Amino acid sequence: MSISRRQVVKASLATGSGLAFPSIVFGQAQFKMKFANIMPPDHPVNVRMREASATIKERTNGQVEIQVFPASQLGSDADMLSQLRSGGIDFFMNSGLILSSLVPVAAINGVGFAFPDNAAVWKAMDGALGKHVASAIEKAGLVAFDRMWDNGFRQTLSATKPIRTPADLTGFKIRVPPSPLWTALFKDLGASPVTIPWGETYTALQTKVADGLENPLAGIYFAKMHEVGKFLSNTNHMWDGFWFVANRRSFQALPAAAQDIVRQTVNAAALKEREDVERLNQELRTNIGKSVEFVNVDPAAFRKRLQDAGFYTEWKKRFGEEAWGLLESTTGKLA
Ligand code: X2X
């Protein structure tokens, strides 16, 4: 949005009918905003955000229009984070672990084998731990919406051999997203992690640059990764979710009433998305495509391997006592 248009909007609001959203002045939305992410268009993240965008347009009388750009159309997570910071895009959603390149503590929900289930996740992330992370995101200059979106518990997909025990991971080239915590976790498990953006992961498996990947089942399914994998191990090694963030300048350029509408609508969409994803992650456990064989593992053996490698002591040091204490207040003692 250009400055001059913003001034016109302010002027029209000041002299207008007294309504927060006078009828359309230019025959189009006055605030055309961009929301981008890496997930495929049919993943609940984008289904629910398209719905939210329609609701926001309606509730603001057509003044605020959020365009949804899915599937890395505007670049990788790293590209989009810098576009968000410069104002090239207005809203963005990414894994806390990837956001940790800017806000280190945002990776904390990804500590290996920390949360037992979704109930524990939401208790922490809708509670004190989530607030702690959100305030760190705000300190980094972004607006953080308080409801995280679900990605889910992550599983391990192999294109070569079944992964049953930590020993099977030795030398296994596993694709991980760009994030020190992800790399450390798989190094400590004895694997050989390779960092690749999500948008290039399908090809990486096809061309054997990677032997496998790890992702929630819904993520695997909508990106069709099961087409290039053979064995799915239910490692449940971490819970991953998305922070919905905004460029502060663009968000604050919205009239206060519009900011409220956007926040409420997006947060409500997050709650619906959580239900969708939880259901999908359950359903896909028995049926993700005929060519994939499910492999049962004992996650405790993987967790023990991390403990022995000093993973928990190291990451407790990195996150600091306060954040770690908030995590352990939900998960119980980890280190
Ligand atoms: O694996 C990724 O890159 C991530 C975190 O974005 C997804 O879960 C798709």
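Let's start with Trp-149: at 0% relative accessibility, this residue counts as buried. Buried here means under 20% relative accessible area, exposed means over 50%, and partly exposed is in between, using a 1.4 Å probe and protein chains only. Phe-244 counts as buried too, again at 0%.

Before going on, a word on what you're looking at: this is a predicted model, where local features need pLDDT of at least 70, side-chain atom pairs count only at pLDDT 80 or more, and totals for chains, interfaces and linings use all residues. Residues are numbered from 1 along each chain as its sequence is written, and side-chain values use heavy atoms, with hydrogens and water left out.

Now for the rings. The structure holds 13 aromatic pairs. Rings of Phe, Tyr and Trp (its six-membered ring) pair if their centres lie within 6.5 Å; planes under 30 degrees apart count as stacked, over 60 as edge-to-face and the rest as tilted. Trp-149 and Phe-244 make a stacked pair, 6.3 Å centre to centre with 25° between the planes. That pair links distant parts of the chain, with Trp-149 in strand E5 (residues 149-153) and Phe-244 in strand E11 (residues 239-247), 95 residues apart. Helices (H or I, at least four residues) and strands (E, at least two) are DSSP runs, numbered from the N terminus.

Phe-311 and Trp-315 form a tilted pair, at 6.3 Å between centres and 35° between planes. Both sit in helix H13 (residues 311-319), 4 residues apart, or about one turn of the helix, and both are buried.

Trp-149 and Phe-244 also belong to one aromatic cluster, together with Phe-35, Phe-91, Phe-145 and Phe-251. Elsewhere, the charged end of Arg-274 sits over the ring of Trp-122, 3.5 Å from its centre. For a charge to sit over a ring, NZ of Lys or CZ of Arg must be within 6 Å of the ring centre and within 35 degrees of the ring normal.

Next up is the ligand. The residues around it include Ile-38, Asp-77, Trp-182 and Asp-240; a residue is near a molecule if one of its heavy atoms lies within 4 Å of it. The shell divides into 5 nonpolar, 3 polar and 4 charged residues. Here are some side chains with an N or O atom close to a ligand oxygen:

| Side chain | Distance to a ligand oxygen atom |
|---|---|
| Arg-154 | 2.9 Å |
| Arg-175 | 2.7 Å |
| Asn-215 | 3.0 Å |

The protein covers 99% of the 270 Å² of accessible area that the ligand has on its own.

Helix H2 spans residues 44-59 and holds Glu-58, which is exposed, with a relative accessible area of 66%. Ser-53 lies in helix H2 as well, but counts as buried at 10% relative accessibility. The side chain of Ser-53 reaches the backbone oxygen of Ile-66 at 2.6 Å.

Most residues other than glycine have a negative phi. Asn-61, though not a glycine, has a positive phi of about 60°. This residue is found in the loop between H2 and strand E2 (64-69) and is partly exposed, at 44%. Lys-208 also has a positive phi, near 65°. Lys-208 is found in the loop between helix H8 (201-206) and strand E9 (212-215), and is exposed, with a relative accessible area of 60%.

Definitions and conventions. Polar contact = N/O pair within 3.5 Å; in protein donor to acceptor, adjacent residues only side chain to side chain. Areas by Shrake-Rupley, 256 points an atom, 1.4 Å probe, with all protein chains shown as cover. Nonpolar A, V, L, I, M, F, W, Y, C, P; charged D, E, K, R; others polar.
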